[in-house]
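Grab a pencil and open the viewer. Here are some exercises to work through, each with its solution.

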Amino acid sequence: MPRLSDSMEEGTILKWLVSEGDEVKKGQEIAEIETDKATMTFESDADGVFHPVAGEGDTLPIGEVIATIGEDAPSRDGGQPKEEEQEEKQPEERSESGGEEERDRSVDAGAAGESAEEQPERAPARAESGGDGAGPDGRVKASPVARRLARERGIDLGAISGTGPGGRIVKADVEKAASGEARPAATAEAPAREEERPAEREPEREPEPAAAASAAAPGTSEAKVAETGTTKGDVSVVELTRTQQVVARRMAEAKATIPEFTLVTEIDMENAVALRKRLKELAGEDGVVPSFNDMVVKACAVALREYPRANGSYKDGKFELYSRVNVGVAVAAQNALVVPVIHDADQKSLGHIARDARRLAARVRDGTVSPPELAGGTFTVSNLGMYGITEFTAVINPPQAAILAVGAMERRPVVVDDRGKVEARQRMKVSLVCDHRILYGADAAEFLGRIRALLEEPLAMAL
């Protein structure tokens, strides 16, 4: 399992793009993998014959083997890889305890529900019924692929005669048993096991009428409550995607471990509105016109260069200050939150930032964003102004020192001179959420003040 993002700990194989036994080339896309941030394609790093070790839907930690590519990979006819040859070592080469562990692991899915007392009695029986598929130590000989397939389909390996070398059970034997040509012992034994262990099954409990009636809301019939057991109606359980799981974990970590505080200010955006109008005229119909959020990103980048602690993080009792200014922009996509990063934003022009922001947002929404485009952020901007939200508090993206929450721009009455003259001007509220371990109140106030000054005089960002 490759590391496809800086915060990735494990990945889920959504789909294999090649089949077992296919010849693949270096750089060829072989899998779609869901990470903590997005779904990405994984390319082969070698030429050779492809053999999957993990199946679609499997979740594995980084570094775990998901497939092999090479000349010795097994073919579709059930050829024997080198790993399987190692399994045929004679019993005397293994320790007594090791042999017991191997026998325990050979118990198939059909016997998974048996008690510990029953399993030792059934192992010899399987060895006898397995024909050529059982080794001298009573262990059923089968390839790893055959074992995994048998577990998935609930087939007893002890009831299958192997056609592989030395009577080994291969994938084709399991598929033949699953198709009905051979009758798996697990299927036949299942009813017997149910009869043997009636006491183990806990009787279903009906909801107590008194409890159900007391839980009923006004106007809810007691019969309906007794039937469903809840006044909420039918309950649907939705499994989180890998991205949603990581977002939940990281946000909970941030709220539990970061001593945060929030500063709020209001920015006069009249000059920014005038500048954007002028840029729109110069760009023409086909040109990319910077948005107000692009201006916010540029203002933050310039201020971050001037206030290094805002561009750092607190780690293990030390400050980490970063030389590059990489501003992440929160993008909502596929019921999750993804933060692509505009690298070296302080060195890019407003137009360059606008083009990068549009390209990254499009790649996030169509699921083609790459790991480097999600990595290395040192600060984050989150904007909900397009939804009409005037002010909100965001959650810091650890281990960053701060995050800027941007609200909607509105025309409001403002006193503009000492004589009390009132004008309607474009105003925008922003909130800076800070990690107090690295950004103190005065430092954060100066940093936010610099962002406000740059947006109120946007031409200064061109210097």
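This is a predicted model: local features need pLDDT of at least 70, side-chain atom pairs count only at pLDDT 80 or more; totals for chains, interfaces and linings use all residues.

**Exercise 1. Check the length of helix 9, then work out how its buried residues are arranged.**

Solution. Start with the length. Helix 9 covers residues 242–257, which is 16 residues. At 1.5 Å a residue the helix should span 22 Å, and the end C-alpha atoms are 22 Å apart, so the two agree.

Next, pick out the buried residues: Arg242, Thr243, Val246, Arg250 and Ala254. Now look down the axis of helix 9: these buried residues fall within an arc of 95 degrees, so they line one face of the helix.

The buried residues of helix 9 pack against strand 1 (10–16), strand 3 (29–34), strand 6 (59–61) and strand 13 (336–338).

**Exercise 2. Trace the salt bridges of Arg425, and find the network that Arg425 belongs to.**

Solution. Recall that side chains of opposite charge can pair when their charged atoms come close. The cut-off to apply is a side-chain nitrogen of Lys or Arg within 4 Å of a carboxyl oxygen of Asp or Glu.

Step one: Arg425 and Asp268 pass, with their closest N and O atoms 2.6 Å apart. This pair ties together distant parts of the chain, since Arg425 sits in strand 17 (residues 422–435) and Asp268 in strand 8 (residues 260–268), 157 residues apart. Asp268 counts as buried because its relative accessibility is 13%.

Step two: Glu423 also bridges to Arg425, this time with 3.3 Å between the closest N and O atoms. Glu423 has 28% relative accessibility, so Glu423 counts as partly exposed.

The network of salt bridges holds Glu266, Asp268, Glu410, Arg412, Lys421, Glu423, Arg425 and Arg427. For the whole model, the count comes to 22 salt bridges.

**Exercise 3. Where in the chain do the partners Arg309 and Asp443 lie, and are they buried or partly exposed?**

Solution. First confirm the pair: Arg309 and Asp443 meet in a salt bridge at 3.0 Å, N to O. Arg309 is in the loop between helix 11 (292–306) and strand 9 (312–315), while Asp443 is in helix 13 (residues 441–456), 134 residues away. For accessibility, Arg309 comes in at 26% and counts as partly exposed. Asp443, at 28%, counts as partly exposed too.

**Exercise 4. Which residues make up the nonpolar surface patch that includes Leu321?**

Solution. The patch consists of Phe319, Leu321 and Tyr440, which together have about 290 Å² of accessible area. Leu321 belongs to strand 10 (residues 318–321). With 48% relative accessibility, Leu321 counts as partly exposed.

Technical notes. Residues are numbered from 1 along each chain as its sequence is written. Side-chain values use heavy atoms; hydrogens and water are left out. Patches are made of residues with over 30% relative accessible area and no salt bridge: like charges are joined within 9 Å, nonpolar side chains (Val, Leu, Ile, Met, Phe, Trp, Tyr) within 5 Å. Accessible areas come from the Shrake-Rupley method with a 1.4 Å probe; for residues, only the protein chains shown count as cover. Helices (H or I, at least four residues) and strands (E, at least two) are DSSP runs, numbered from the N terminus. Buried means under 20% relative accessible area, exposed over 50%, partly exposed in between (1.4 Å probe, protein chains only). The expected span of a helix is 1.5 Å times one less than its number of residues. The arc is that of the directions from the helix axis to the C-beta atoms. Contact means heavy atoms within 4.5 Å.
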